[in-house]
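Open the model in your viewer and keep the selection panel at hand. We will go stop by stop.

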Amino acid sequence: MEEKDELLKIFSMKLRMTLGNMRINFDDLQEIRLRINCPLIINYKNKEYFVSEDGSLVTDPLKGVLVSKNEIKETMEYISNYSLYAFEEEIRQGFITISGGHRIGIAGKTIIQGNHIKGMKYISFINIRLAHQVKGCADKVMPYLIDEKNRSIYHTLIISPPKCGKTTLLRDIIRQVSDGGPNFQGMNVGVVDERSEIGACYMGVPQNELGIRTDVLDCCPKAKGMMMLIRSMSPQVIAVDEIGSKEDLEAINHVINCGCKLIATVHGSSLEDVKSKPVLGELMQNKIFERYIILNNIKSIGNIEKICDAAGNKIWG
Amino acid sequence: MIFKIVGCILIILSSTLMGFYCSCELKSRIDDLKELRKIIMLLRGDIRYGNTPLPEAINAIAKRHDGNFKNFLVKVSDSLRERLGNTFSQIWAQAVEKELHITSLNKRDKYQMIQFGEHLGYLDKEMQLNTLDLYIAQLDEEIRELSETVKEKTYLYNSLGIMAGIFIAIILA
């Protein structure tokens, strides 16, 4: 309930009333989209709805509440805490993370200077992606990641198409590795959270539970962040989201040479698919990763298709 | 006769005090402007180096500040946190109108403050700092002008008070 109030506070007065009247479970709410002069759209339980003035969900766009220019402006004021200037860097990237860990994507007219995006004005489109932590979603995979012989964990790569819950799974793996379990000692985990998705830090404090032995480097480029964490926080495990660039490769080699374990995710649909990618293919050929977790969303989001070992042999699923 | 003398003395006394009050007000207006300038400087520092959002920055200053502007700062930062559908400039202007009675700022000062509030918040950092700099320069100018004339004006108010008292007393007597 408190979380709901906290979230509603970012909306303009009128939208706050409408959304507050909705009789739905906010835990199943995935997205709220505001577009100037268009009806308000929410994504609830994987379905798209419009919201009528009294807060009921409708499928007819004409019955939905329209979002006006002023409402977008007011909402932006609240999102930015009356201080858009403090979010210059975030706006340049196109999203802002707010308290509660929710991600707010924005679009409007960009201001270009040279070849760089300097900022954005006339913000007219807002997309609020609600952060949901699914605690315990890694329970099934954890036994396969623990290396009992060396009292450590395996280098792990999570492979998944977009929107299948790889970041959610990664987050829970981090939490469990960091906290430890009955037959497994917790480890120091360093997280490089380039897009504020894993920990969803608000003013440096992770809004998602990442475990008691976790250090988070927020909004830091992955390659630089990994090196930095090794130097500064001496982690036993490093976790990153969406690897794939050349610089990442160098940093990953560095991580592994330092004796750190790596947990990473990548976009892809199968082992073969990832093998054909330039950087990751190389890593896989060198048998760097010892465990692969492949996700799909056939049954539900975050469905685990299979778990493979370093050679690509299926050990579960 | 004795009543006349007492009456004259009272008239002279009160008008003299009036003169003193006016000159004191002038001095405290300078003090208040200096105080305001300090607050804006602190705000500028927070924005420039800390990239701090306004509610936080104002709240932090309110905690450290202990003078005529405390109520004003507390009011602004509280209203900002409530998020009741007002824009920053509205909240700022309301607080200027309602919470600055105890200061000696005059109408023009308050008007300038409200105008300054209209440009806070929504621009990029560079523009934000420019706005703050401009306002600081404006305050500086005001303070300089006042300080230059303060001596003459206090003298004027004081002597005018006494003279006016004597003048009225003579006419009435």
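**Stop 1: chain B as a whole.** Select chain B and colour by secondary structure. Read along the sequence, the pattern is α-α-α-α-α-α. That makes six helices and zero strands. Keep in mind that this is a predicted model.

Is chain B as compact as a globule, or more spread out? Its radius of gyration is 21 Å, while the globule rule gives 16 Å for 173 residues, so chain B is more spread out than a compact globule. Along the principal axes the trace spans about 70 × 35 × 25 Å.

Now think about packing. Of the 173 residues in chain B, 27% count as buried. Take the contacts in chain B with a separation of 6 or more: residues 24 or more positions apart account for 73% of them.

**Stop 2: helix 2 of chain B.** Select residues 54–64 of chain B, which form helix 2. Which residues of this helix are buried? They are Leu54(B), Pro55(B), Ala57(B), Ile58(B), Ile61(B) and Ala62(B). Look down the axis of helix 2 of chain B: the buried residues fall within an arc of 165°, so they line one face of the helix.

What covers these buried residues? The cover includes helix 1 (2–50), helix 3 (70–82) and helix 4 (88–99) of chain B.

Stop 3: In the model, the span is 100% helix and 0% strand.

Stop 4: Switch to chain A and find the open sheet of eight strands. The strand order is 14-11-15-16-10-17-18-19, and the pairing is mixed. Which strands stand at the edges? Strand 14 (214–218) and strand 19 (314–316) of chain A each have a single partner strand, so one side of each is left without a neighbour in the sheet. From one strand to the next, the twist averages 20°.

Strand 18 (residues 303–309) of chain A pairs with strand 19 of chain A in the antiparallel sense, over two bridges. Pick Cys308(A): it stands opposite Lys314(A) in strand 19 of chain A.

**Stop 5: a helix across the sheet.** Select helix 7 (residues 222–233) of chain A. Helix 7 lies across strand 11 (189–193), strand 14 and strand 15 (237–240) of chain A. It runs at about 150° to strand 11 of chain A.

Methods:
Residues are numbered from 1 along each chain as its sequence is written. Chains are lettered from A and ligands numbered from 1 in the order in which they are written. This is a predicted model: local features need pLDDT of at least 70, side-chain atom pairs count only at pLDDT 80 or more; totals for chains, interfaces and linings use all residues. Helices (H or I, at least four residues) and strands (E, at least two) are DSSP runs, numbered from the N terminus. Two strands pair if DSSP finds at least two bridges between them. Axes are lines fitted to C-alpha atoms, for helices over the stretch in contact, and angles run from 0 to 180 degrees between N-to-C directions. Two residues are in contact if their C-beta atoms, placed from the backbone, lie within 7 Å. A residue is buried if 20 or more other C-beta atoms lie within 10 Å of its own, exposed if 12 or fewer, and partly exposed in between; C-beta atoms are placed from the backbone. The arc is that of the directions from the helix axis to the C-beta atoms. The radius of gyration is taken over C-alpha atoms; the globule rule is 2.2 Å times the number of residues to the power 0.38.
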